[in-house]
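Subject: Structure handover

Hello,

Here is the structure we spoke about. Please open it before reading on; my notes follow below.

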Amino acid sequence: MFDILIIGAGVTGCSIAKRLGQYKGKMAVLDLADDVSQGASKANSGIVHAGYDAKPGTQKARLNVKGAGMMKDLCESLGVPYGQPGALVLGFHEEDRQTLEALYQSSLINEVPGCRLIDRDEVLRLEPNVNKDVLCALDVPTSGLVSPYELTHALADSAKENGVDFLLNHEVKALEYQDGAWLVHTSKGVLKTRAVINCAGTFAGVLHNQISTRKVKIIPRRGQYYLLDRMQPLLFTRTLFQVPTKMGKGVLVSPTTHGNLLLGPTAEDIEDGFDTATTAEGLDDILDKVRLTYPEVSLRQVITTFSGIRAHETGGDFIIGAVEGAPEGAFEAIGIESPGLSAAPAIGEELGDWVAYSLGLEKNPNHIPPTPLPKPFSAMSEKERRAAYENDPDYGRIVCRCEQVTEAEIRQAIRRPQGARTLDGVKRRTRAGMGRCQSGFCSTRVMQILSEELGLPLDMITKSGQGSELIVGQIGEKNDE
Amino acid sequence: MSETMIHVDLLIIGAGPAGLAAAIAAKRAGIMDLVVLEREDTQGGILNQCIHNGFGLHRFKEELTGPEYALRDIKEARDLNIPIYTGTTVLSLTRDRKVTAVSRERGLEVYQARAVILAMGCRERPRGALAIPGTRPAGIFSAGTAQKLVNMEGLMPGKRVVILGSGDIGLIMARRMTLQGAKVLACVELMPYSSGLNRNIVQCLHDYDIPLLLSHTVVDIHGQGRLTGVTVAQVGEDRKPIPGTGKHFDCDTLLLSVGLIPENELSQQARVRISPVTQGAVVTDSFETNVPGIFACGNVLHVHDLVDYVSRESMLAGAAAARYLKGGRPPFTRVSVKDGQGVRGAVPQKLDIPNDAITEPVDLMFRPDRVYQNHYVTLRSKEEVLSSQKRMILTPGEMAEARLTPDMLARLRGSELTIEINQEKQS
């Protein structure tokens, strides 16, 4: 019997798991995917929101500001890319002045430091490549950036090092309370636990409604993005929002922690929570809207497009704590859409401690604090590179030429506590394949390294888990056609 | 591992056909202190995975496979004792020709070169750069990646294949996959003409009854884990899909052959000026870039169709680098080359015309912007028409040439050259 099962290995589930790693107990994180960070956590804007726009008095406002305040130290302790370039919310129409004034007022109530309203000249001084038609802006100096999937992977590693298991490819079908314990029905059998924590993102509503007296509605809301190639010098140093709409924060133009430029997202309510396809209409829509901020945007700069699905709860706030009306031992963190990434460190700490306290778990005296991930070869100085090579000659072999990722780093990514098992898993942990050739050159070599490290034949190496095999067999084999 | 700077006269980045030919020419011209750095474990570059024949017809008057062609240069470089370090990736290049490289055998090395030849080749445009809507399953490969899987690793990437783009690698892979038992359903080309060589369209598509759908493109990609199909639609003259023309193909593989891009990341670090048309360096007829002592040749300079011409160009670049290193260059007059109507990406973009006797002609290479039949390629200075010669066919899929004789070069001094395509003979 488990003490705690966490459902969902996104940034919320992994933050809670990392916190629970400080306690003694038998714990695991379940996820239907083949790797952690496979839902909204791998495909979002990567913004650490300052918290000026969340409705004062909500969980969103409180946990956003608290989580954003924790993020820098957390990322440093994990060795995850983080930056705080600030943000501008741009106004292009006279009526936007009022909206920006209201956002400024809420920044004061939410205790977001340093926000101020600025005029056109100052906007263009701070960001000279912004559309010259801009009228005014809210300057948000504390807005930050994080690599959301790298954060989630690092949180998972820390949890795993402290004994929290990860049961992947386990789709949770139903929750059932029986004889003082929870039965978690999964695609791989039934697991028994004292407590469950539902962090199932887009799919959390179904599980919640099975056990709660207060029903919720979670709508999959798709966001499509363009990712642009890195350019020197950076066109924009800050995250550039437009005045928000009722569908969310609107389309942004933002640098990433790796110096690419991200454009998006759309906000489309869809039926299927798995439907991460991009569409011609969605992509056109982004370009149309982005032109307001950045009129010179060109498709020639695009290296890829993608989409992610956020869990929009119709009530409008995060739902965090014990599941209302459910038997004891049921907890949840659901409806975690934006600013969920920013709030994750705070949610993890608060809900983790709450559940541990409820179960009377003792602190783990042997808790291992996280070891920061090693600096990527591409970011090392010449001296650091020489030292890394002395230590491991595989640092001498560049596998991904676009992002300068070495064989040593790819092997490390596979050997990490919650290591990579797929081509995409290696990509998210090392950036091999994330550059301008999009893995054209390195994919065959990464497949070979995965095959060696995992002891699997090449035809069992997948892009993103079972069913996504990359090759169909050896040449010369009889073909069915 | 040495922490001291390694001084060399000439450093060549890349040991594909361009780098090898440049090294051979430089060594023959008397440059003894040179080194070639190659990131792959073998010399020969992309030729190693091109196991089909058709290479060498112009240079050797023989039909060779890619590896056979490469082997001739590899052997000659070895006979000339040219040091070639494989498994060695160049990490950075500065404007004053400091080259940092890394290898598993020797670790980090810093070279100071008196001259550098850029011969890094090109890469394929990926799916992401086309922003094709749809899902992102396994089974979408660039044609070159698929070629590497099949020819180098002996692995089949799929069984039912659609090819987007009719570049030469895509055409070659249509045949290769068919010969290995896969079913190639169609080759889909956005433009109203193919960007591949005519001989490849005949030998790789027609001979295997593979339809070439011109003015079509892939508008949607289906499948979650592995690709299950693509939607192909016709495009109008604006190259935008025509609504209602979508047709579904059941396939597990989509190969992309949608263009090659010179790999100029290192060149840009050294602030080498890049042409927006060729996406390679802007060079003189000595293949020297705007950065003194940095030369470029082969597919990193402009994407070629035939390796024979890569070798020819690179031999000239290697010899030019040797002349640069020996110094004592006679005075010259610099003249610009401009793309006129119908012409895209003429190389070289600058001509350094000697002020005294001119002994050598210069060959310009360019592509037409569309298909032309029975048109004239005209070379003109500001003052006069230098030549206007009829061509039966000019197509963007095949690089064209125009020769500047010593006499024409002499008449260009103090002027500029425009190369253009005309319906009528110019005079």
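Helices and strands here are DSSP runs: H or I of at least four residues for helices, E of at least two for strands, numbered from the N terminus. On that basis, chain A has 12 helices and 23 strands. Please note that this is a predicted model.

Chain A, overall. A compact globule of 481 residues would have a radius of gyration near 23 Å, and chain A agrees, with 23 Å. Its C-alpha trace spans about 60 × 60 × 55 Å along the principal axes. Of the 481 residues, 57% are buried. Of the contacts in chain A with a separation of 6 or more, 72% are between residues 24 or more positions apart.

The core. The largest nonpolar core has 271 residues. Among those with the most contacts inside it are A:Val89, A:Ile197, B:Leu118 and B:Phe295. Leaving aside residues up to four places away in sequence, A:Val89 touches A:Leu100, A:Leu103, A:Ala137, A:Leu138, A:Val140, A:Phe241 and A:Val243.

Chain B, around β8. Strand β8(B) covers residues 107–118. Which strands does β8(B) pair with?

- β1(B), residues 6–13: parallel, seven bridges. B:His7 has B:Gln112 as its bridge partner.
- β7(B), residues 98–103: antiparallel, six bridges. B:Lys98 stands opposite B:Gln112.
- β20(B), residues 294–296: parallel, three bridges. B:Leu118 stands opposite B:Ala296.

Best wishes

Methods
Residues are numbered from 1 along each chain as its sequence is written. Chains are lettered from A and ligands numbered from 1 in the order in which they are written. This is a predicted model: local features need pLDDT of at least 70, side-chain atom pairs count only at pLDDT 80 or more; totals for chains, interfaces and linings use all residues. A nonpolar core is a set of buried Ala, Val, Leu, Ile, Met, Phe, Trp, Tyr and Cys residues joined through C-beta atoms within 7 Å. A residue is buried if 20 or more other C-beta atoms lie within 10 Å of its own, exposed if 12 or fewer, and partly exposed in between; C-beta atoms are placed from the backbone. Two residues are in contact if their C-beta atoms, placed from the backbone, lie within 7 Å. The radius of gyration is taken over C-alpha atoms; the globule rule is 2.2 Å times the number of residues to the power 0.38. Two strands pair if DSSP finds at least two bridges between them.
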